[in-house]
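Here is a friendly briefing on the pockets of one protein model. Take a look at the structure first, and then walk through the notes below.

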Amino acid sequence: MNTAETRPAGAGVYLDFFGDLRPWRHWALHVDGAVATLSMQVQPDGGIFDGAELKLNSYDMGVELEFADAVRRIRFEHPGVGCVVISSGYENVFCAGANIRALAAATHAHKVNLCKFTNETRLELEEASAHSGIRFLAAVGGACSGGGYELALATDHILLVDDRNTAVSLPEVPLLGVLPGTGGLTRLTDKRHVRRDRADVFATRAEGLRGEVALEWGLVDELAPRTSFADAVGTRAVALAEHSRAAGRFAGDEAVVLEPLGLAPTPDGSVVGEFVAMAPDRDRACAEVLISASTDPRWPLRAARELDALLCHLRFNEPELGTIVLLAEGSHADVTVHDRALCEPASHAEQETALLWRRTLSRLDLTARTLIAAVEPGSCFAGVLAEVALAADRTYLLDGEFVDDRPDDAVGMAVRALRGPQAAEAGPPVLAMTQVSLGSMPMANGLTRLQSRLWGDDKAIAAASGTVGSALDAQAATEAGLVTAAPDDLDWDDDLRLAVEERAAFSPDALTAMEANHRFCGPETMATKIFGRLSAWQNWIFIRPNATGPDGALTRYGTGTRPSYATGRV
């Protein structure tokens, strides 16, 4: 992973989401039948920021990237695994959480994106447990604080060594002046049902709790003395793996090897993959993203991986590209041929690929960028790619066809130039939802994108759902409430250009908050609470002087000098 290069425009340290991260530097994987052990042994000199020594298994984004890669490879490449033990490669420490010196060196955007990426990976553990039948066991054989305990909270079972010394803790509020950034507070109450008064005591007690009290309060699930800790971990892991087999995993299927993507941005920032391409338009502060459909049986997995990596790349390395124009090309049949495998997976490979699409679309929903879908002649917003259009904040569908040549600065021209001429769907463009849009790819709020778009209007939701399987032209899609506008040939380029340029003139902070409010209507879930509180509360706290000012807690941490707080409540 190339982490030495720096990027302009406030991007900070460059992170490579396209390369092969193996051999991992900070993690070791051992598979023994149905049980895998993923051991965390962070190399202190392996941080991505100069001078930020990763002591006590503390992590930065480099460690997190490897962890996410390991979890994904376990899911695809080890179908026989029913339980993953997350342990430490060091004595007397499980994980000290995010590295404070790395946080201090990071840009504000990097801090927030680290928390968001880490949250997405922790939620993936819970998704793997719920839908892939893989159980996760946190073997906490030493100090477990902050993000380390939040990692443990994301597992199915926490086994804590009972040695009168080892504690679990969330010390962010008393020591750092910030919140636990990876869902810790939400999981205490919503997942583990810890009483709110006890949660209050625990989250303000820097030293945390240990042993019988931690067990009684519901902070851990099981205790074992150090002398028999390894045996207890082994016994529990086998039991969890048996439970996984009972859940009916495709354990007998062949492994799916995740080959390197082999992508890299060009000097101008463009990215060209096999099925996904991105061209930056820096004058308009936007990125044009083109997804090309294909009947190639590799398409579902490869396209999802390319899109997922690209979204992470845009988040961390291209913070100035505030709008993403979403385009898709090819024949509808090229993408709908994959519908059955995405809706009703019949093998290990199909199941994990469908779940990867679900997570990738969720990452798109949660990306703090304006999303504009442009449905033009040659587009194939059908099947799973119809979900891409439904994820957009605004969806434009051309009414008719292009009559005259389009101007050279038309939206989408740059990214299509990267891909070259492609086979196009003949005639006026259409939007075509299939069964994929009826529940197999829910958002973080537990709703489909169709339900979220038309929330509160049951009649409209039913009518739009009734169009599944039909190709909707501009008029039909407008009547169904699926598009924002349907300009004709004369107005198309001007309408899209003005939408993109208008977005660049607004406050990015206000847009991020507005878009998140609009996208995640309806019921709250643990995921929407975690991300909403991250985007609002933690984002705000990270820029307050009590946390990051010259006398703030993050700045003074480790100096031996107490922070100085402005005492007014806001």
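The lining of the second largest pocket is made up of 20 nonpolar, seven polar and 16 charged residues. Here Ala, Val, Leu, Ile, Met, Phe, Trp, Tyr, Cys and Pro count as nonpolar, Asp, Glu, Lys and Arg as charged, and the others, Gly among them, as polar. This is a predicted model, in which local features need pLDDT of at least 70, side-chain atom pairs count only at pLDDT 80 or more, and totals for chains, interfaces and linings use all residues. Residues are numbered from 1 along each chain as its sequence is written, and side-chain values use heavy atoms, with hydrogens and water left out.

**Second largest pocket**

- This pocket (an open set of points on a 1 Å grid over the protein atoms alone, where a 1.4 Å probe fits, with protein on both sides within 12 Å along at least five of seven lines) holds about 980 Å³, a volume being the space filled by probe spheres set on the points, which are joined across faces, edges and corners.
- Its lining has 43 residues, each with an atom within 4 Å of a point; E120, T121, E124, R359 and R363 lie nearest the centre.
- α3 gives the most to this lining, ten residues (helices are DSSP runs of H or I, at least four residues, numbered from the N terminus).

**Largest pocket**

- The volume of the largest pocket is about 1400 Å³.
- Among its 46 lining residues, A368, P508, T512, A513 and N539 are the closest to the centre.
- α21 (526–542) supplies the largest share of this lining, with eleven residues.
- The lining comprises 21 nonpolar, 13 polar and twelve charged residues.

Conventions. Helices (H or I, at least four residues) and strands (E, at least two) are DSSP runs, numbered from the N terminus.
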